[in-house]
Amino acid sequence: MLRLIFSNILRRFTICSLAMALIASAPVRAATPSFTVGWSVYVGWNPYYYMAKSGILRRWAAKYGIDIRVQRFDYAPSLDAFVAKNIDACAMTNMEALDMPAAAGVDTTAIIVGDYSNGNDAVIVRQNLTLAQIPGKQVMLVEKTVSQYLFERAMAINGLAAQIRQVHYLNTSDSDIASAFLTNPSKPVVVTWKPLVSQILKAKDVKVVFNSSQIPGEILDLLVVRSEVLNRADGSGQKFAKAITGAWYEVLKLMSAPGPASDKVLTEIAEASQDSLVSYREQLATTHMFYTPQAAAEMASSADIRKTMDLVRRFCFQHGLLGEKTQSVDDVAVQFPDGAVLGKPERIRFRFSAAYMQLAAQGKL
Amino acid sequence: MSFLRIHAQPGRTAVWTLSWFLFAAGIVVYFYVAEQRHRENPDDRVMPTISQMVRGFSDAALKPAEEEETQTGGGSSIVARFRASMLWKDTLASGRRFVISVALLFPAVLLGLHMAMFPVIGAFFLRFILFFDKIVALSLLPILFIAFGIDELSKIMLIVIGVAPTIILDTFNLSKSVPREQVVKGFTLGASDFSITYRIVFKQIWPRVLNSIRLNLKAVMLFLFAGEMIASTDGLAYRIALLRRHMGMDIIIPYVLWVALLLFLVDFGMNKLNHKLHPWFEER
């Protein structure tokens with residue numbers, strides 16, 4: 001009995017002290033606004049790892065009086081976390097930005113156009129198969145992602161759009177797709193991305209029949225922020241966008257230094273995906289990085305991006321990625337830096353902003 | 001405070017209320033939060049409201065599956081529509097894998113029994129299976145792909161490899177726990193090795209083994225889902241994996257509840273059958 005009473009007192013005491021600790025820590029937290037950026041392993045996003053590790057990000061965050069945390073996720077969970085509003089910013093492609101947060105009503109703004117896939121994504125076949133021979137056969141890919149987009153664009157560009165319906169997709173998780181394809185000679189086609197592509201191409205009798213360099217600028221890798229964070233009344237969201245953009249271009253400048261000067265930086269960036277310098281350089285070769293803010297801002301404001309987003313949103317709508325109850329492709333509208341809108345103006349969900357990239361270009365960050 | 005003591009005797013209504021309380025609380029909290037999220041963002045897909053889920057589920061259960069939109073018969077009965085639906089096709093595909101895998105667990109029972117009864121067989125298998133039981137099959141996927149391909153066989157083998165060792169070892173232990181005296185007595189009455197094995201030991205442990213298989217259904221389901229998420233063209237987990245790409249929670253949640261219901265029914269059915277077959281068996 002005594003013991004019971006004692007444990008009861010002890011419990012109460014613990015709860016009290018916990019509560020007090022919480023109260024005590026609350027004001028400290030409120031003093032500096034803190035933001036979380038989610039990223040996943042990919043050649044164009046690995047710089048976030050280096051940005052945090054090298055202290056560059058901390059320096060920029062301190063300059064604007066905020067805290068920025070960088071967290072690594074697997075790709076799909078990072079999207080989930082962003083849609084659920086657990087993180088404030090996230091690295092994702094233009095397609096996912098449209099069909100995940102934007103289509104789920106989370107108003108999203110792309111503040112950095114980092115790169116586009118210029119051969120990173122590829123359609124690989126066995127035994128010299130041609131695209132025209134694929135209908136009726138099984139294709140391994142992660143369904144309803146850029147892989148499927150790439151494949152269907154390849155078919156459409158080659159005048160085979162009508163036969164897409166005869167292709168049998170085999171939905172395969174990206175963590176196993178390379179080994180599953182390599183060990184199963186009965187599966188003739190796979191669509192995936194680097195570094196898996198490089199791994200698969202080491203095998204005999206396989207070759208690339210189509211890759212993303214044939215649709216340049218269509219698979220864009222972005223940093224997106226929730227628009228409501230960006231528009232916070234206290235201006236902290238703006239500070240966050242400025243700090244992360246500043247840090248990003250500082251890292252990119254180090255990366256693009258000519259010759260061996262960049263080796264050390266690239267080696268450390270490659271660490272993010274447990275890659276070697278050689279392998280990371282090979283991946284960079286098929287990635288069109290926008291190393292300067294000028295080039296990135298130009299891309300975000302170009303007419304090409306409008307065409308791309310139109311193709312992407314139609315693909316998403318056709319495949320039900322904008323939601324079953326979305327009646328029209330115009331219901332998830334996209335706005336471009338000059339204010340032009342694709343879709344219904346009252347339903348803008350995804351915005352491209354060149355503002356921060358332009359500030360970086362003008363050296364005003 | 002006597003109602004919290006060991007000898008408390010809650011009435012019928014009290015038991016009923018208490019046992020449903022957590023369900024009610026869960027549902028209320030869910031819909032309260034969902035409602036709030038929808039007020040804030042009408043397009044929210046993370047926590048669908050009840051009407052969205054009903055619509056999502058009725059679409060999944062009554063609309064023809066995507067691939068054969070051509071043969072839509074407008075006036076056909078609900079049963080016919082259900083049988084053409086996405087949900088039915090997925091359930092059938094997953095159900096087939098499930099039934100085959102569970103059927104393949106029965107040879108595992110025989111192996112465990114023989115290992116316990118015949119020392120040479122036991123010596124041959126026991127150590128290896130004890131080791132094999134601790135292997136996390138999911139992490140050896142690439143090897144499984146080489147051995148079994150990536151079609152149906154690999155999914156079924158993943159389940160068998162994952163669950164069979166547990167069943168073998170359980171059967172082994174149960175067989176060993178049959179009193180030695182019964183075996184000796186059987187021999188003095190002139191029984192053969194096999195009649196001892198099957199008519200004395202197996203008869204006694206069988207209902208417990210069934211119980212053990214029943215308790216492992218959850219593990220079977222976990223491996224089945226893992227397999228379908230890795231590579232497949234149909235099945236319940238395949239659908240869930242696809243819907244996750246665009247946060248189709250309005251269909252995912254009803255799907256998960258549907259799986260829970262099916263699993264519950266199988267569990268309930270096996271339990272009832274076990275008691276029907278072995279009325280003398282009292283453990284539950």
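User: In strand β14 of chain A, which residue does A:Ala110 stand opposite?

Analyst: To read a strand pairing, one looks for the bridge partner of a residue and then for the direction in which the two strands run. In this predicted model, A:Ala110 stands opposite A:Phe352 in β14(A), and the 3 bridges that join β4(A) to β14(A), which covers residues 348-352 of chain A, belong to strands that run parallel.

User: Which other strands of chain A are joined to β4(A) by bridges, and how do they run?

Analyst: Strand β10 of chain A, residues 220-226, is joined to β4(A) by 7 bridges and runs antiparallel to it, with A:Thr108 standing opposite A:Arg226. Strand β11 of chain A, residues 287-289, is also antiparallel to β4(A) and is joined to it by 3 bridges; here A:Ser117 has A:Thr287 as its bridge partner.

User: Into which domains is chain A divided, and how far apart do their centres lie?

Analyst: A domain may be built from separate stretches of the chain, and the bounds should be read with that in mind. Domain 1 of chain A takes in 31-116 and 218-361, whereas domain 2 is given as 121-214. The C-alpha centres of these two domains of chain A lie 27 Å apart, and the contact between them takes 12 residues from domain 1 and 10 residues from domain 2. On the side of domain 1 that touches domain 2, the largest share, 3 residues, comes from helix α12 of chain A, residues 277-285. By class, that side of domain 1 in chain A has 5 nonpolar, 5 polar and 2 charged residues.

User: How many residues of chain B are in contact with chain A, and which elements of chain B give two or more of them?

Analyst: The size of an interface is often given as the accessible area lost when the parts come together. Here the description is a count of residues in contact, with 26 residues of chain B meeting 25 residues of chain A. The elements of chain B that give two or more residues to its side are α2 (50-62), α6 (141-148), α10 (217-230), β1 (231-232) and α11 (236-244). Sorted by class, the side of chain B that touches chain A has 14 nonpolar, 6 polar and 6 charged residues.

User: Which strand of chain A is joined to β1(B), and which residues stand opposite each other?

Analyst: Strand pairing can also be read across a chain boundary. Strand β7 of chain A, residues 168-172, is joined to β1(B) by 2 bridges, and the two strands run antiparallel; A:Asn171 stands opposite B:Ser232.

User: In α6(B), which residues are buried and which are exposed?

Analyst: For a helix, one asks around which part of the axis the buried residues lie. In α6(B), B:Leu141, B:Leu144 and B:Phe145 are buried, and because these residues cover an arc of only 105 degrees around the axis, they are on the same side of α6(B). B:Ile143 and B:Ala147 are exposed on the other side of α6(B). The cover over the buried residues of α6(B) includes α7 (177-182) of chain A, together with α7 (152-176) and α10 of chain B. Just after α6(B), B:Gly149 takes a positive phi of about 75 degrees.

How values were computed. Residues numbered from 1 in each chain as written. Chains lettered and ligands numbered in written order. Predicted model: local features only at pLDDT ≥ 70, side-chain atom pairs only at ≥ 80, totals over all residues. Pairing = 2+ DSSP bridges. Helix = DSSP H or I, 4+ residues; strand = E, 2+ residues; numbered from the N terminus. Domains from an automatic or database assignment. Contact = placed C-beta atoms within 7 Å. Nonpolar A, V, L, I, M, F, W, Y, C, P; charged D, E, K, R; others polar. Buried ≥ 20, exposed ≤ 12 C-beta atoms within 10 Å, placed from the backbone. Arc of directions from axis to C-beta.
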